[in-house]
Amino acid sequence: MTIAALNTNTKTAASSVSDSSTSAAEQSDRFMKLLVAQMQNQDPLNPMDNAQVTTQMAQISTVSGLEKLNGTVSGLNGQFVQLQAMQSAALIGHDVAVEGNTLRVQDGTGDGGFELSNAATDVKVEIQNSAGATIGTVELKDLEAGRHDFSYAVPDAYKNSALSFKVTATSGKTSVDAMTLAHERIKAVSTFGDTLALELANGDRLAYDAVWAFL
């Protein structure tokens with residue numbers, strides 16, 4: 001193997017240390033052995049270029065440094081997730097809005113939310129039973145773009161039923177996109193690998209970044 005060939009391998013390793021099958025330590029050892037061998041057998045009348053050797057040694061050092069940096073960043077990421085979990089413990093007992101259309105019912109009152117892409121003059125929230133039939137509606141007027149909440153007095157006959165909701169929004173005769181948001185309460189905070197997770201009162205577990213809003 002020549003110095004130039006090893007130099008090519010070094011550049012590849014420097015660009016993707018984590019994917020290389022040869023570690024930085026092994027690359028460095030191979031390089032030094034080859035360098036010593038070439039220096040011992042070089043032509044005294046045509047010695048090796050010092051600038052080239054220095055550049056190649058610097059590249060080997062870069063590969064080793066990147067490998068150590070990857071290890072350091074990985075360790076810091078783990079510590080950061082743990083720190084997030086400790087700080088997020090203060091969120092237990094608070095409500096969040098997540099993408100979904102389940103109507104939360106508490107003490108006979110259902111609540112949920114939605115996100116409007118643009119301002120809407122008319123918004124209709126249809127409350128539906130498990131069969132998809134509408135059992136009631138909530139009508140809202142002149143809402144700006146962004147997140148909005150609503151509440152609904154659930155009839156006695158449906159207080160223990162699974163309910164959902166559908167949102168239809170318009171601005172005059174033009175339809176406005178609306179994303180439904182379900183409300184849930186945080187009961188615990190945990191970690192899943194390198195991800196912070198929230199455990200909700202309904203039994204769901206979701207990533208921290210899946211939360212649309214904290215209420």
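Author: We begin with the charge pairs. The model is predicted. Counting Lys or Arg side-chain nitrogens within 4 Å of a carboxyl oxygen of Asp or Glu, the total comes to six salt bridges.

Reader: What is the general idea behind such a count?

Author: Side chains of opposite charge can pair when their charged atoms come close. A case here is Arg185 with Asp95, whose closest N and O atoms are 2.8 Å apart.

Reader: Is Asp95 buried or exposed? And how does Arg185 count?

Author: Asp95 is buried, because its relative accessible area is 14% and the limit for buried is under 20%. Arg185 has 36% relative accessibility and therefore counts as partly exposed.

Reader: Which residues are linked with Arg185 in a network of salt bridges?

Author: The network links Arg185 with Asp95, Arg104 and Asp111.

Reader: Now the strands. How should I read the pairing of S4 and S5?

Author: In a regular strand the side chains alternate between the two faces of the sheet. For the pairing itself, look at the sense and the bridges: strand S4 (residues 120-128) and strand S5 (residues 134-143) run antiparallel to each other, with eight bridges. Gln128 is placed opposite Thr134 of S5.

Reader: What lies between S4 and S5?

Author: Five residues separate the two strands, which form a hairpin. In the turn, Gly132 has a positive phi of about 90°.

Reader: Which salt bridge does Lys141 form?

Author: Lys141 pairs with Asp122, and their closest N and O atoms are 2.3 Å apart. Lys141 is in strand S5 and Asp122 in strand S4, 19 residues apart, so the pair links distant parts of the chain. Lys141 has 56% relative accessibility and therefore counts as exposed. Asp122, at 27%, counts as partly exposed.

Reader: What is the distance between the closest N and O atoms of Asp156 and Lys159?

Author: The distance is 2.7 Å, and Asp156 and Lys159 form a salt bridge. Asp156 counts as exposed because its relative accessibility is 61%. Lys159 counts as partly exposed, at 34%.

Key. Residues are numbered from 1 along each chain as its sequence is written. This is a predicted model: local features need pLDDT of at least 70, side-chain atom pairs count only at pLDDT 80 or more; totals for chains, interfaces and linings use all residues. Side-chain values use heavy atoms; hydrogens and water are left out. Two strands pair if DSSP finds at least two bridges between them. Helices (H or I, at least four residues) and strands (E, at least two) are DSSP runs, numbered from the N terminus. Buried means under 20% relative accessible area, exposed over 50%, partly exposed in between (1.4 Å probe, protein chains only).
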